[in-house]
Amino acid sequence: MPRSLRTLLNRPITTRGRHLGQERIAARTTAYVYGNILALAALIPVTQSQESLGVAIVIGTALSTYIAHTFAEGVGESIRNDRELTTTERIEALRDSVPILTSAVVPIVILATAWFDFLEPRTAQLIAEFLLVLRIGSTSYIISHLRGEKVSTTTHVTAFALAAVATVIVALKIVLTH
């Protein structure tokens with residue numbers, strides 16, 4: 001790995017020069033996983049006759065999940081702290097939930113390629129679904145990096161397990177809600 005990339009990857013995760021800390025890193029990782037699973041769950045049941053709605057469905061899912069997640073986290077945090085949150089804490093909660101929104105970017109861009117006839121709609125949908133499963137599995141690599149661990153066989157096995165579990169969760173959501 002080039003030295004400059006290694007230096008970049010080994011930097012502590014900060015915001016405005018302050019280290020985020022384990023709680024905020026965990027909150028962002030949770031939002032990342034949650035956002036990817038829900039984007040995938042929203043995308044899978046889109047049929048060929050609804051292909052133009054796929055982008056709207058993913059956007060709607062991401063936005064509504066972001067709002068609900070941020071609200072719920074704020075309520076939970078105020079209970080944990082036994083007080084109302086400050087404006088700064090509310091803004092931090094909004095920022096910590098942003099990975100839910102960013103999880104929708106990749107599938108939206110891929111689905112939009114079908115509008116411009118770069119890909120067939122069904123092909124775009126399959127690629128978006130596959131990439132979301134890969135993003136969920138990649139969480140084990142992110143966690144290894146955050147812990148300062150080297151990638152190992154366990155990291156790879158965990159990546160496959162995360163992708164498999166996410167796929168099962170999505171299947172359950174589809175069976176139970178659609």
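A residue is called buried when its relative accessible area is under 20%, exposed when it is over 50%, and partly exposed in between (1.4 Å probe, protein chains only). The model described here is predicted, so that local features need pLDDT of at least 70 and side-chain atom pairs count only at pLDDT 80 or more, while totals for chains, interfaces and linings use all residues. Residues are numbered from 1 along each chain as its sequence is written, and side-chain values use heavy atoms, with hydrogens and water left out.

Side chains of opposite charge can pair when their charged atoms come close. A salt bridge is counted here when a side-chain nitrogen of Lys or Arg lies within 4 Å of a carboxyl oxygen of Asp or Glu. The structure holds 7 salt bridges.

One of them joins Arg90 to Glu84, with the closest N and O atoms 3.8 Å apart. Glu84 is exposed, at a relative accessible area of 66%, whereas Arg90 is partly exposed at 42%. Through shared partners, salt bridges also join Arg24, Arg28, Glu92 and Asp96 into one network.

Within this group, Asp96 and Arg24 form a salt bridge whose closest N and O atoms are 2.8 Å apart. This pair links distant parts of the chain, since Asp96 belongs to helix α4 and Arg24 to helix α2, 72 residues apart; helices are DSSP runs (H or I, at least four residues), numbered from the N terminus. Asp96 is buried, with a relative accessible area of 8%, and Arg24 is buried as well, at 13%.

A further salt bridge connects Arg80 and Glu73 (3.9 Å, N to O). Here Arg80 is exposed at 56%, while Glu73 is partly exposed at 35%.

How values were computed: Helix = DSSP H or I, 4+ residues; strand = E, 2+ residues; numbered from the N terminus.
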